[in-house]
Amino acid sequence: MPDQNVSVRPFIRGGKPAEDRWVLIREEDAALPASPAIVPLARWQELEGSQERAPWLASDTELTPELAEELAAAPLIAIDFPKFTDGRGYSLARLLRERYGYAGEIRAIGDVLVDQAFFLTRCGFDALSLREDQWLEDALQALNAFSRAYQPAVDLDEPLFRRRMREAVKRAEPALA
């Protein structure tokens with residue numbers, strides 16, 4: 001059954017609470033609303049790239065170069081987390097951003113928990129549709145749970161040790177007189 005009332009799901013875009021104008025349609029054969037809708041990938045492909053329709057990818061989607069090229073025209077791409085323990089969506093987002101250069105909105109949908117917020121954004125998600133029982137305020141705090149990250153990621157492509165080395169070199173350089 002489609003998520004007809006997506007407003008009950010806490011929603012964050014760009015690190016801030018936002019209103020979600022997109023309706024999530026889970027079934028292939030469900031009637032499409034007049035409003036913008038996120039539909040299964042196969043259905044989106046049939047609709048031939050309408051800007052009022054966006055695809056959602058299952059966590060087991062094989063992201064080929066051909067599919068990535070097709071997705072480049074999508075107004076947003078939603079990636080489904082069927083269970084919060086299924087981490088394949090993180091890889092899909094990183095591939096879309098880093099390998100295929102997708103610059104549009106990537107949205108996490110499904111079983112998305114507050115605990116995942118920080119890591120989702122590091123992998124390239126810029127919108128999070130949290131599970132209904134999650135608290136928006138907690139998710140916003142979780143986005144800033146860590147002041148620094150050790151690993152390179154989509155949001156910061158340089159590891160911490162390189163940033164520290166660069167900063168140490170700057171401090172050691174003599175000032176010009």
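Predicted model: local features only at pLDDT ≥ 70, side-chain atom pairs only at ≥ 80, totals over all residues.
With a relative accessibility of 28%, Ala-58 is classed as partly exposed, and, once neighbours within four places in sequence are set aside, Asp-80 and Leu-92 are the residues in contact with Ala-58. Between the C-alpha atoms of Ala-58 and Pro-159, which are 101 residues apart along the chain, the separation is 30 Å.

β5 runs parallel to β4, to which it is joined by four bridges, and Pro-55 in β5 stands opposite Val-39. β5 also runs parallel to β6, here through two bridges, with Leu-57 having Ile-79 in β6 as its bridge partner. Together, β5, α2 and β6 form a right-handed β-α-β unit.

The largest nonpolar core contains 35 residues, of which Leu-71, Ile-79, Leu-96 and Phe-125 touch the most other members. Elements that each supply at least two residues of this core include β4 (37-40), α2 (65-71), β6 (76-81) and α3 (88-99), and the greatest contribution, four residues, comes from α3. Beyond its neighbours within four places in sequence, Ile-79 is in contact with residues including Leu-57, Leu-92, Leu-96, Ile-106 and Phe-125. A second, separate core comprises eight residues, among them Trp-22, Leu-24, Ala-54 and Ala-78.

Notes
Residues numbered from 1 in each chain as written. Heavy atoms only, no water. Core = buried A, V, L, I, M, F, W, Y, C linked by side-chain atoms within 4.5 Å. Buried < 20%, exposed > 50% of the residue type's maximum accessible area, 1.4 Å probe, protein only. Contact = heavy atoms within 4.5 Å. Pairing = 2+ DSSP bridges. Right-handed = clockwise from strand over helix to strand, strands pointing away.
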